[in-house]
Amino acid sequence: MDKKTKKLTAKELLSRYRKGERDFSHLNLSGLNLKNASLGFAYFTGSNLANANLEGADLELSNFIGADLSGANLKEADLTQADLIGAELKDADLRKADLRGAKLEYAGLFKAKLDDAIIRLGNSDFVIKGKWNRRK
Amino acid sequence: MTKQTKKKRLIAEDVLHLYAQGERDFRNTNLDGTYFVGADLRGADFSYASLRGADLSNANLTNTDFTGADLTGANLSNTNLTYISIYGADLSDAIITIGNMDVIIKGSVEQIEGERNGQKNKKANRKRTFE
């Protein structure tokens, strides 16, 4: 079975997750509506989640290494301790997202919105009130 | 007299010279506007120091302590902020690197206190269920 070309529906994905499946790597999940879905502790390594609606979703400890999340709606999503190393987050909406302990090394955050997102710096958690301006 | 004036004023050369001699205690010092670009400051203690507008970009800050420090307008780009102590520090208008992007924090920074963290940590300590 060629996993790369297979496109899952939101319903299918959530049903498989409920049955205990956690490996959703290298799948085409672009544009899916997964608003408020509970998808923590899952692997989305290398998956295409471009323009997906993940607003308010529970993605705690999930793995997005090398995943494409460009243009995704991640408003108020729980991304605590999520692994976003090398993920593409261009134009993604991360406002009010919880990024505490999330790994963001090499993540592409060009034009991503981070207002009011929660981040961890060292041993402390911070909410950035107001705008995050990209440095010129 | 303000607190600021009581802090001992040091320049970058002083700090780096003392650091080379093994000194790690730079608590309560005034280091406003200091140029620490690319400096090795591992394990140094800058708690309650004033580092307004200091340039710490590309510095090695592993295990450095900035508890209660004033980092208003400081440049912390390209530094690894994972292994630092920064409780109670002021990061207004500071520059930090997130992912591949340098961001300037405009406006105030609000610290989240322990309670919510505690809950989170408890949840996070659950065993990973997948293989």
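From the N terminus on, the elements of chain A follow the order α-β-β-β-β, that is, one helix and four strands, in what is a predicted model. Chain A comprises 136 residues, of which 51% are buried. When the contacts of chain A between residues at least 6 apart in sequence are considered, 2% of them join residues at least 24 apart.

The largest nonpolar core contains 72 residues, and those that touch the most other members are A:L54, A:L69, A:L74 and A:L79 from chain A, together with B:L51, B:L71 and B:A94 from chain B. At least two residues of this core are supplied by each of strand 2 (118-121) of chain A and strand 4 and strand 5 of chain B. For A:L54, with residues up to four places away in sequence left out of the count, the residues touched are A:L34, A:L59, A:A72, A:N73, A:L74 and A:A77; among them, A:L74 also belongs to the group of core residues that touch the most other members.

In chain B, strand 4 (95-98) and strand 5 (101-105) are separated by a loop in which B:N100 lies. Within chain B, the C-alpha atom of B:N100 is separated by 9.1 Å from that of B:N78, a residue 22 residues apart from B:N100 along the chain.

Methods:
Residues numbered from 1 in each chain as written. Chains lettered and ligands numbered in written order. Predicted model: local features only at pLDDT ≥ 70, side-chain atom pairs only at ≥ 80, totals over all residues. Core = buried A, V, L, I, M, F, W, Y, C linked by C-beta atoms within 7 Å. Buried ≥ 20, exposed ≤ 12 C-beta atoms within 10 Å, placed from the backbone. Contact = placed C-beta atoms within 7 Å.
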